[in-house]
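Have the viewer open as you read.

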Amino acid sequence: MNHLIDIQFLTKALRSLSSLTGLDFSLYDDRENLLVHGSSHDPLLSSIKMSKQGQELYNAFQSKYLKLTLKNTKSFLIQGFTMQYHVFMPIRYKDITLVALCEGFYMLEEDFARFYDEKGGIFGVTNRGMEEWKKDLRFMSSQTIENYIKSVKPLLEDIISSGYEKGELSKRWQWSKTIISLAANIKSDATIEDIRQIIVDTVIFLFNVDTAAIFAPSKDYFCPESAGGRARDSIKRLKLSKDNYLVSNAIQSRSPVSAIDSFKLKHSGFPDEIISMYLFPIHSQTGFFGFLGIFNSLLDREAFDSIGELCKLSAYLFGVRQLGEEYVKCSDGLNLITGKTMELFSHYRDRQALCDQIVNEAAFLVRAEKCSVMLLDEQGDALNVISVKGVNKWLMKDVKIRIGEGVAGKVYEQGLPVLIDSEEKLRSFTSTSKPLFKTQSCISIPLKISSETMGILNVADKEGGETFTEKDLSVLTPFAVQASLLLKLSDCHRISEQMRELSITDPLTGLFNRRYFDVRLEEEHRRAMRYNLNFSLAILDLDDFKVLNDTQGHLAGDYALREVANIMANSIRANDILVRIGGEEFAIIMPQTGKDEAFHVLERIRNNISVMVLPGVKEGPVSRLTVSTGIAMYPECGESIESIIVQADKALYSAKMNGKNKTVSWHAGMDFKTTKVSAVDEAGVRNIEISPNGKFTYRNGGAFPPDSGGHSKQNPDEPFKGFVI
């Protein structure tokens with residue numbers, strides 16, 4: 001109600017009071033908001049409030065007594081922390097409650113002296129002399145203050161009431177002007193409900209009628225949607241039957257009708273207190289929107305005609321608003337569907353979770369108690385229930401609907417949505433009863449993209465036992481399109497994941513392959529550099545595996561590789577990354593792992609492999625497998641990935657050169673001179689030399705570099721098929 005207060009007038013009045021009394025007046029509303037500030041501020045309070053502590057003390061003091069005053073009808077004279085007095089006066093008129101605050105004065109000089117001596121230093125008041133301060137401060141007697149309070153409070157109440165009445169009259173004038181302008185110019189964004197109430201209020205106010213109401217059409221009656229005036233409670237309970245002769249005459253003629261015979265009104269079903277009635281049709285080319293009823297009032301011709309014209313303008317405005325609201329509803333519906341689709345998008349990586357969410361959102365959109373998603377099975381001849389709401393999912397687990405059978409099967413076959421709103425229409429699709437459903441009404445929509453149908457979205461049993469309508473179908477159809485796109489995206493994602501898995505997986509052992517190793521090693525290296533972490537890299541090579549392959553056959557070699565892979569996978573830790581990088585060579589990336597811990601893990605692997613039994617392997621050069629391992633650590637082995645791999649290869653080479661079946665960790669003193677060894681290839685035993693840089697050289701010439709397992713190539717086109725003894 002504060003908008004009815006004339007703030008400008010109050011400001012002038014309070015300043016005049018300040019000039020007359022020498023006191024500083026300010027005004028606050030019932031929420032402690034400052035409406036009018038004082039014209040002359042007390043210098044002592046102003047100085048104290050310049051500090052944070054002083055401002056906080058003052059705010060707490062003021063808020064406390066504003067709250068207290070708003071709850072009371074009497075004024076308060078309060079001495080504050082500066083020993084000054086403050087007057088809090090409640091000002092009330094009708095629904096308005098204000099507080100006038102008069103503050104910043106002393107009754108006794110001793111009060112100021114005590115504050116100056118005890119607390120002046122805290123607030124910096126002692127920077128000025130006491131006598132100098134007294135020249136600027138207000139000193140008043142208690143009797144003077146009491147007289148002021150008795151005089152000022154009723155004066156302010158009169159000022160408030162006068163301003164209120166003035167504001168109320170101004171409000172009514174502005175209100176009537178706005179309503180008439182609104183109806184005449186049809187320039188309002190009000191809802192139909194708002195317009196109804198505006199019309200009722202306008203008629204009551206402008207034409208001084210007793211009671212008015214607008215009746216909107218329903219199925220068999222016209223019901224009061226907005227009412228006002230003395231008899232509004234009785235009118236709100238009134239329903240006008242469409243068979244009532246007054247109502248039917250007004251509908252047919254589209255002209256106002258009246259009845260001023262109370263006996264006739266009573267026999268037409270009107271309450272006893274209704275002694276007269278006018279019904280003005282509210283209609284336009286857009287539609288028929290009901291009646292404006294005027295009760296217990298007699299209208300002259302001018303008023304009668306004016307109200308008739310107002311109803312015509314209102315009908316046109318109703319039509320505009322109705323179209324606008326339908327547009328907004330459609331827009332909101334699309335926005336809602338978009339929002340639901342965005343929620344679905346987060347589940348596309350998990351098809352089951354996506355279907356569950358589709359079911360929940362579809363049921364929400366049309367207020368369905370039951371909903372299901374059916375997708376085509378792998379054979380392509382039946383639909384499986386993937387997700388269901390409102391029915392025990394275990395009952396539907398093995399349910400299959402053949403294509404072309406039942407509602408869902410026929411909808412899938414035809415690719416067109418179906419709305420069933422009667423038992424007769426249901427029988428045209430199936431003769432089977434629906435014992436799990438409360439009603440016969442349901443909707444089935446194909447989940448399809450272009451000509452590809454992936455499944456069916458079904459909803460049944462609308463809340464409250466209602467029948468599904470075309471509107472429900474129009475809501476579900478765009479949602480089903482979005483759901484279909486997400487289901488297709490989910491399938492593409494699943495296929496993509498399968499292809500990605502294949503691209504990084506070794507088909508023989510099921511371990512990650514060299515491609516994955518390169519990516520993960522680079523990631524771990526970047527992470528270790530960024531966060532100053534360590535990690536270890538182990539390269540493992542099966543000893544004399546070539547001999548096993550040549551003597552026992554490739555099938556035995558493949559079996560051995562799979563068994564070794566299983567042993568390694570069961571021997572590493574959860575965070576370790578095991579890969580097969582080629583042939584009989586493996587690697588393990590061990591995040592945040594130092595030398596000793598890595599050595600312990602690799603020794604466990606070596607021991608487990610050394611006791612592995614290869615069933616069916618014949619006696620020969622290699623009847624059991626062993627593994628040699630080289631370990632390199634970051635950052636001890638260098639900052640680059642290449643240096644870490646090189647040092648792991650050196651450690652592996654050391655394990656090979658020192659008898660195999662060993663685990664060797666790189667250390668700073670690790671270096672090699674040229675070593676003479678024997679190698680076996682198709683030509684038999686041949687003597688070779690291995691230089692410190694890892695080059696293999698036949699004694700008769702032909703240098704070639706070895707791979708990490710000691711195998712080598714004389715040239716790029718001729719592989720060395722032997723092994724180091």
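What follows covers aromatic pairs, charges over rings and a pair of helices.

This is a predicted model, so to speak on its own terms: local features need pLDDT of at least 70, side-chain atom pairs count only at pLDDT 80 or more, and totals for chains, interfaces and linings use all residues. Residues are numbered from 1 along each chain as its sequence is written, and side-chain values use heavy atoms, with hydrogens and water left out.

There are 19 aromatic pairs in the structure, where rings of Phe, Tyr and Trp (its six-membered ring) pair if their centres lie within 6.5 Å. One of them joins Phe115 and Phe123, at 6.2 Å centre to centre and 25° between the planes; that counts as stacked, the label for planes under 30 degrees apart. Phe115 is buried at 2% relative accessible area, and Phe123 is buried at 10% (buried means under 20%, with a 1.4 Å probe and protein chains only). Elsewhere, Tyr106, Phe112, Tyr116 and Phe139 make up one aromatic cluster.

Two charged ends sit over rings, meaning NZ of Lys or CZ of Arg is within 6 Å of the ring centre and within 35 degrees of the ring normal:

| Charged residue | Ring | Distance to ring centre |
|---|---|---|
| Arg128 | Trp133 | 4.4 Å |
| Lys239 | Tyr221 | 5.7 Å |

On to the helices: H16 (residues 514-531) packs against H20 (residues 641-657) at about 115°, with axes 11 Å apart. That makes H16 and H20 roughly perpendicular (65 to 115 degrees). Leu521, Glu522 and His525 of H16 meet Ile641, Ile644 and Ile645 of H20, with contact meaning heavy atoms within 4.5 Å.

Methods. Rings of Phe, Tyr and Trp (its six-membered ring) pair if their centres lie within 6.5 Å; planes under 30 degrees apart count as stacked, over 60 as edge-to-face and the rest as tilted. Buried means under 20% relative accessible area, exposed over 50%, partly exposed in between (1.4 Å probe, protein chains only). Axes are lines fitted to C-alpha atoms, for helices over the stretch in contact, and angles run from 0 to 180 degrees between N-to-C directions. Helices (H or I, at least four residues) and strands (E, at least two) are DSSP runs, numbered from the N terminus. Angles under 35 degrees count as roughly parallel, over 145 as roughly antiparallel, 65 to 115 as roughly perpendicular and the rest as oblique.
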